[in-house]
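Dear colleague,

Please find below the structure that I am handing over to you, followed by an account of what was found in it. I would be grateful if you could read the notes with the structure open.

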There are 2 protein chains.
Amino acid sequence: MKLLEERILKDGEIFPGNILKVSSFLNHQIDVSLMLEMGKEVQRLFKEDKPTKILTVEASGIAIATAIGAVMGLPVLFAKKHASKNLSGDVYSSPVHSYTHGNDYNMIVEKRFLNSDERILIVDDFLAVGGALCGLIDITRQSGAHLCGCAIAIEKAFQGGGDKLRADGYRIESLAVIEKMDEGSIEFRI
Amino acid sequence: MKLLEERILKDGEIFPGNILKVSSFLNHQIDVSLMLEMGKEVQRLFKEDKPTKILTVEASGIAIATAIGAVMGLPVLFAKKHASKNLSGDVYSSPVHSYTHGNDYNMIVEKRFLNSDERILIVDDFLAVGGALCGLIDITRQSGAHLCGCAIAIEKAFQGGGDKLRADGYRIESLAVIEKMDEGSIEFRI
């Protein structure tokens, strides 16, 4: 998606350890109008699959998921990263290792919100190694719901998670796919 | 806001310890169309104050903040609850005690996203004792930005946070104010 690629080139910052900071528009400050444009693109890509619900994971996935939900007229369900006092009843859970934060957590969704008659569109802001995405796919599988596919804002292809999932047969649509990245430059997949 | 009050009566669940669960539409599963209606109401309440940015805190505040941002055409900035690898540079921070999770954390916002020429609308999904809201107000104050006021989805008035802040001179607009709550009933402020 041209608009997103241009924004990454303009405002993205590269840090050592393959870290791309897009805090100014995606995951700290949120450019809501850009999110809505991304929502329209995701609608174009997935409307024929007739998703009934969007599944994402807290925290920064919630913004783009809500914007896509607004455009497509769909409810959003976000997985929680740890059990809280307010989370009760039967849950689906999946263990995830976070590359960004260097920790492990359980991704949790209450069973009553994910049924086998649902058609799920998974959404997240970033895809690198694929830990969070694999957790969301695992939870969808556990529920017996149909998985329409995954819509990602930014994929760091050189970290391999996206292409591994594609090879496994999953539909992964990333709005910007970074093939190569170093201090001075960002190269997108054509 | 009638629509929200009716939804709380229909789908809210009360648990011991003054816990109101609204996981089915507000902070686990998100009814995006309800969020957009809430966005319109917040726009009606605050448009004359000409806010330039919405400030909220992760995680569940992000959904309603994004919806309000979509309706009002405003960017969203969400405070993070702990320093992560990806958060660098100068930050504003404020210590917060979470009543829900029973822990303490630092609320953090990068300074470059909050300037003194900004007009801030603070948004959150819940207001009870007011810990998170006081943190967001404190960060706004530190930045020198103008605070237009605070828009909250659900206020549990019997826990006192909202009325204390009103007595201190802050404008707090809650779309549903619960005056009293016990196992069998919920009473809204008229």
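In chain B, the loop between strand S4 (53-57) and helix H3 (61-72) contains B:Ala59. Please note that the model is a predicted one. The peptide bond that leads from B:Glu58 to B:Ala59 is cis, its omega being near 0°. Chain A shows a cis peptide bond from A:Glu58 to A:Ala59, again with omega near 0°, and A:Ala59 is placed in the loop between strand S4 (53-57) and helix H3 (61-72) of chain A. As background, most peptide bonds are trans, and most residues other than glycine have a negative phi. With regard to phi, A:Asn18 has a positive value, near 60°, although it is not a glycine. A:Asn18 belongs to the loop that runs between strands S1 (13-15) and S2 (19-21) of chain A.

I turn next to the relation between the chains. Chain B is superposed on chain A by a rotation of 180° with 0.0 Å of shift along the axis, at an RMSD of 0.0 Å. The two copies are therefore related as by a two-fold rotation axis. The C-alpha of chain B nearest this axis belongs to B:Ala59, at 2.5 Å from it.

The interface may be described as follows. In it, 42 residues of chain B are in contact with 42 residues of chain A. Because 100% of the interface residues of chain B are also interface residues in chain A, the copies meet through the same surface. Between them, chain B and chain A bury about 3500 Å², and 59% of this is on carbon and sulfur atoms. There are 4 salt bridges across the interface of chain B and chain A. A:Glu110 and B:Lys21 form a salt bridge in which the closest N and O atoms are 3.2 Å apart.

One open sheet has 7 strands with mixed pairing, in the order S11(A)-S10(A)-S9(A)-S8(A)-S4(A)-S5(A)-S3(B). At its edges stand strand S11 (185-188) of chain A and strand S3 (29-30) of chain B; each has a single partner strand, so one side of each is left without a neighbour in the sheet. Within chain A, strands S9 (residues 146-156) and S10 (residues 172-182) run parallel and are joined by 6 bridges. A:Lys156 stands opposite A:Ile178 in S10(A).

Strands S9 (residues 146-156) and S10 (residues 172-182) of chain B pair in the parallel sense over 6 bridges, and B:Ile154 has B:Ala176 as its bridge partner in S10(B).

Finally, some remarks on side chains. Over all chains, the structure holds 34 salt bridges. One of them joins A:Glu37 to A:Lys40, with 3.0 Å from N to O. Both residues lie in helix H2 (residues 32-46) of chain A, where A:Glu37 and A:Lys40 are 3 residues apart, about one turn of the helix. A search of the whole structure finds 0 aromatic pairs. The charged end of A:Arg171, however, sits over the ring of A:Phe46, 4.1 Å from the ring centre. In chain B, the charged end of B:Arg171 sits over the ring of B:Phe46, 4.2 Å from the centre.

Technical notes. Residues numbered from 1 in each chain as written. Chains lettered and ligands numbered in written order. Predicted model: local features only at pLDDT ≥ 70, side-chain atom pairs only at ≥ 80, totals over all residues. Heavy atoms only, no water. Least-squares fit on C-alpha atoms with pLDDT ≥ 70 in both. Contact = heavy atoms within 4.5 Å. Pairing = 2+ DSSP bridges. Helix = DSSP H or I, 4+ residues; strand = E, 2+ residues; numbered from the N terminus. Phe/Tyr/Trp six-rings, centres within 6.5 Å; stacked < 30°, edge-to-face > 60°. Lys NZ or Arg CZ within 6 Å of the ring centre and 35° of its normal. Buried area = accessible area lost by both parts, 1.4 Å probe. Salt bridge = Lys/Arg side-chain N within 4 Å of Asp/Glu carboxyl O.
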